[in-house]
Amino acid sequence: MDVLTQTWPWYVSGFLIGIVMLLLNYFGKVFGMSSNLRTLCTIAGADKFADFFKFAWKAQRWNLAVLVGAMLGGFVAVHYMSNPSNVDINPKTIEQLATLGIDAPNGKLAPQVLFGNQIFESPKMILILLIGGILIGFGSRYAGGCTSGHAISGLSNLQIPSLKAVIGFFVGGLIMAHFLLPLIF
Amino acid sequence: MHYIKYLLVGFLFGIVLTKSEAVSWYRIYEMFQFQSFHMYGIISVAIATGLIGLQIIKRNHIKAIDGNPIVIADKEKGSFRYWVGGLIFGLGWALVGACPGPIFILIGAGFWSVILILIGAMIGTFIYGLFKDKLPN
């Protein structure tokens, strides 16, 4: 069962993500996770404040089903398919993180410093996660898609706007990882 | 019953993203430090698989499950919104190490702190909705 519990190789994972996109195309849909955020805003009542949220969200219920499935998948993978050898990142990365005060993975998916339950007592950490979310939510809607909608769906369909967005994703990510993260931590 | 196939595709997506560790903050950080090929490999193979699959669909006029042709709409034309929207998204992606799919997957896996990222992402989407017509394209 090691094959299932160890970290899945990039070529298997990438192939399966491509298959997920193609299956949704075969069902007559387009793969894109960030659209769900708009649907959730509408369900929460945002349509009373902006026309952008007045849309036939019930036609998007299929995407909410994908979302619920993904949550279940995450639950099963973490609770029944994990292994202490997971998240075996580059030792240089671990050293670099130590200088920022961020704990090493040791099989965990996310650092304790940023994602442990103690962060609910730290206004700074709460703010970091909220601001990160705001940037993701605003940016993905402004750009019309996220990693799934642009990088996977868009680029595999040879869309120039998606290429612009994906270059934007990486420029933003590099600025954050190289210049801003060291200032924040 | 109609929704079960979507639930199953989502389930596969959640497992693959978790087992490939694409949902991991560490993997995103490592990617942006150019210290591993792992994430670049995942994204490239996913695109290559999608590209080949779509070409097969288009050339053979393969129909969708409901018998209709498979039509994937082109993205709207524009530049500014893609560059700047993309850049803003990238800042958030590298800060909290999660894009929209992984946000939900991590919450499902029991990372309760990620609920804060979800709340932020909904606020960000809401702000976009409020100012949509005032933003340059």
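Two residues are in contact if their C-beta atoms, placed from the backbone, lie within 7 Å. A residue is buried if 20 or more other C-beta atoms lie within 10 Å of its own. Helices are DSSP runs of H or I, at least four residues, and strands are runs of E, at least two, numbered from the N terminus.

This is a predicted model: local features need pLDDT of at least 70, side-chain atom pairs count only at pLDDT 80 or more, and totals for chains, interfaces and linings use all residues. Residues are numbered from 1 along each chain as its sequence is written, and chains are lettered from A in the order in which they are written.

**View 1. Helix α3 of chain B and its cover.** Helix α3(B) spans residues 38–59. Its 22 residues reach 32 Å from first C-alpha to last, close to the 32 Å expected at 1.5 Å a residue (1.5 Å times one less than the number of residues). Its buried residues include B:His38, B:Ile42, B:Ala46, B:Gly50 and B:Leu54. Among the elements covering the buried residues are α2 (10–26) and α8 (147–156) of chain A, and α2 (25–32) of chain B.

**View 2. The residue after α3(B).** B:His61 follows α3(B) and has a positive phi, near 50 degrees.

**View 3. Chain A.** Chain A has 9 helices and 0 strands. Its C-alpha atoms fill a box of roughly 50 × 40 × 35 Å, taken along the principal axes. Of its 185 residues, 46% count as buried.

Key: Buried ≥ 20, exposed ≤ 12 C-beta atoms within 10 Å, placed from the backbone.
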